[in-house]
Amino acid sequence: MFVKWVYANQAILLLIVGVFIVLNGSEFCEGGQTSKFSRKSNDLSLDMPLDCDVFQVPPGYNAPQQVHITQGDHIGKAVIVSWTTEDEPGSNIVCYWPENSTEKKSSEGVVLTYNYVNYTSGYIHHCTISGLEFDTKYYYEVGSGNSSRQFWFLTPPESGPDVPYTFGLIGDLGQTHDSNRTLTHYELNPTKGKALVFVGDLSYADNYPYNDNARWDTWARFVERNAAYQPWIWTAGNHEIDYLPKVGESIPFKPYTYRFPTPYQASLSTAPYWYSVKRASAYIIVMASYSAFVYGAGKYTPQYKWVMDELPKVNRTETPWLIVVMHCPMYSSYVHHYMEGESMRVLYEAYFVKYKVDVVFAGHVHAYERSERISNIAYNISNGVCVPVRDESAPVYVTIGDGGNLEGLVYEMTQPQPEYSAYREASFGHGIFDIKNRTHAYFGWHRNQDGYAVEADSFWLHNRVWRPIQEQPMVSSL
Ligand SMILES: [Fe+2]
C-alpha cells in the first residue's frame with residue numbers, strides 16, 4: 001500500500017514538473033534568455049505624416065536643411081559637414097571656430113545633385129573641415145545671410161589606451177512614430193552618447209513607389225536634431241541599395257552615396273561602403289554586407305583584401321577596443337532573415353577570432369539580440385564539425401536593428417533558443433557602448449517603453465587583448 005502511494009505521488013510530481021516545463025519553455029531552453037516583455041500593440045509602425053513637425057523645412061530663403069556630420073578622417077581631427085539647399089546651390093562654405101575663440105575659419109566644399117526616376121534632388125553640399133584640435137567644442141555655420149544656421153560638435157579626445165568614450169548605437173531607424181521615440185530615448189539617455197554608430201537601413205524610402213526619394217529628404221530633416229551635433233558613423237544596409245533597373249536606376253547605393261559620405265580614403269579603402277575610423281580608444285571597422293560578390297565581399301575582392309590588410313594593422317595598445325560593424329548579422333536566432341549573414345560569416349569569422357575583435361554590431365533583424373562569445377570555425381566540409389562553441393577569442397555579436405521603421409518588429413524566434421544566444425527580445429530601442437578604460441566597457445540596451453535611464457539588457461565586456469577572461473552577464477530585467 002505504502003509503495004503504491006509513493007509511486008502515485010511520484011507520478012503526480014512528474015506530471016506537475018512536466019506541465020511546468022511546457023508552460024515555461026523559455027526558462028528551460030538550451031540557450032540564454034528570451035524576454036517575456038510584451039508591448040501593448042503589435043501593429044506595424046506608420047511613417048510620420050509629411051506635415052509632422054520633425055520634417056519641418058527651416059524658415060528662410062534657401063535655408064540649409066538636412067544638416068548632418070560624420071568623422072572626416074581616420075583619427076578624429078576632421079569632420080564632414082553635409083547639408084542640402086532647395087532653391088539654389090548657395091554657399092559651399094562652412095565657417096567654424098572653437099569655443100572660447102572668435103577667430104573664424106572657413107572651408108569650401110562641393111555641391112552635388114542627382115536624379116532618381118522622376119525625382120531631382122536639392123543641392124547637396126559636403127564640406128570637410130580638418131586640422132581640428134582633439135577634445136574641443138566647435139561651432140559651425142552653414143548657409144548665408146538671414147538663412148544661415150549654426151550648430152556645434154565635440155571632437156574626440158586623442159586616441160589612447162585608457163581614454164573613455166561613449167558610442168550610441170541605432171539601426172534600421174526609418175521615420176515612424178517609433179523611430180522618433182527611439183531617437184528621443186537616445187537623446188535623453190543620461191549616459192550621453194558622443195558619436196552614433198549607425199548600423200544601416202536609414203530612411204526606408206524604398207518602401208514607397210519608385211523609392212520616392214523625397215522620403216530621403218524627410219529622413220535627413222528628422223535626424224538633423226542629433227546628426228548635426230554629433231557624428232553618425234554610417235553603415236550601408238539593404239535599404240540603401242535602391243536598385244530599380246526596370247526604371248533605369250541600375251547604380252546600387254545611388255541616393256545613399258550622394259547623401260552620406262564616409263572618410264573611406266583615409267583608411268585606404270577604395271569604396272565608401274567599407275572603411276575604418278579611430279575614435280578615442282576604439283578602432284571601428286565598417287563593412288558592407290551588400291557589396292558581396294559584385295565587387296565587394298567575396299574572397300579576392302576589394303573589400304576582402306582591404307579587411308585582410310586592416311585587421312593586422314590595428315594597434316591594440318593605442319586603440320584596445322576593436323569593433324566591427326556590418327548591417328546583416330552573422331549570428332541571429334530570429335526566423336526572419338535567418339542565415340542571411342552566413343556568407344560573410346564563412347569568409348570573415350575566423351579572422352575576427354584570430355584578431356580578437358571585441359564586439360560585432362549589426363542590424364537588419366528588427367529586434368534586439370546579444371550572443372555569447374562563440375565561434376564556429378572548425379568546419380572544413382568533410383569533418384562535420386559545425387556547431388558554435390564557446391570561444392574566449394571570439395567577439396560578442398549584438399543585433400540592434402530595432403530602431404523602429406515602418407516594417408515593424410520581427411517576433412518569430414527559432415526554438416529552442418540556441419546556446420549561442422544570450423538574450424533576445426523583439427522591442428524597439430537603442431544601445432550604448434560605454435568604454436571605461438583598456439580592460440572594461442559597458443553595454444546597455446534601452447527599450448523605448450522604459451524610462452530613459454533603464455537598461456533592459458546590459459553586460460560588462462572585458463577587452464579580448466587586455467583582459468581576455470570570461471564575462472559574467474548581468475541579469476536582464478524582463
Ligand atoms: Fe536591413
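Modeller: Start with Glu310, which is buried at a relative accessible area of 1%. Buried means under 20% relative accessible area, exposed means over 50%, and partly exposed is in between, using a 1.4 Å probe and protein chains only. Glu310 forms a salt bridge with Lys313, and their closest N and O atoms are 3.5 Å apart. A salt bridge here is a side-chain nitrogen of Lys or Arg within 4 Å of a carboxyl oxygen of Asp or Glu. Lys313 counts as partly exposed, with 45% relative accessibility. Both Glu310 and Lys313 sit in helix H5 (residues 302–313), three residues apart, or about one turn of the helix. Helices (H or I, at least four residues) and strands (E, at least two) are DSSP runs, numbered from the N terminus.

Before going on, a word on the ground rules. This is a predicted model, with local features needing pLDDT of at least 70 and side-chain atom pairs counting only at pLDDT 80 or more, while totals for chains, interfaces and linings use all residues. Residues are numbered from 1 along each chain as its sequence is written, and side-chain values use heavy atoms, with hydrogens and water left out.

Now hop over to helix H6, where Arg345 has two partners to look at. Glu342 meets Arg345 in a salt bridge of 2.6 Å, N to O, and these two are three residues apart in helix H6, about one helical turn. Glu342 counts as partly exposed, at 22%. The structure holds 20 salt bridges. Elsewhere, Glu372, Arg373, Arg390, Glu392, Arg464 and Glu471 are linked in a network of them.

The iron ion has four protein donors, Asp201 (OD), Asn238 (OD1), His327 (NE2) and His364 (ND1), which lie 2.1 to 2.2 Å from it. Donors are N, O and S atoms within 2.8 Å of the metal (3.2 Å for Na, K and Ca), and water is not among the atoms, so sites may look incomplete. Along the chain, the donors follow the spacing D-x36-N-x88-H-x36-H. His327 lies in the loop between strand E17 (321–325) and helix H6 (342–354), while His364 lies in the loop between strand E18 (359–362) and strand E19 (368–371), so the pair ties together parts 37 residues apart in sequence. Both His327 and His364 are buried. The angles among the four donor atoms run from 88 to 170°, and the site is irregular. For four donors, tetrahedral needs all angles between 85 and 135 degrees; four count as square planar and six as octahedral if opposite donors are over 155 degrees apart and all others between 65 and 115, and anything else is irregular. The loop between E17 and H6 also holds His337, whose phi is near 65°, a positive value in a residue other than glycine.

Finally, some rings. Rings of Phe, Tyr and Trp (its six-membered ring) pair if their centres lie within 6.5 Å; planes under 30 degrees apart count as stacked, over 60 as edge-to-face, and the rest as tilted. That rule gives 35 aromatic pairs. One of them is Tyr114 with Tyr119, tilted, with 6.0 Å centre to centre and 45° between the planes; both of these tyrosines are buried. Tyr368 and Phe443 have ring centres 6.4 Å apart and planes at 10°, so that pair is stacked. It links distant parts of the chain, as Tyr368 is in strand E19 and Phe443 in strand E25 (residues 440–447), 75 residues apart. Tyr368 and Phe443 are both buried. There's a cluster to find as well: ring pairs link Phe198, Trp216, Trp219, Trp232, Trp234, Phe253, Tyr256, Phe260 and Tyr273.
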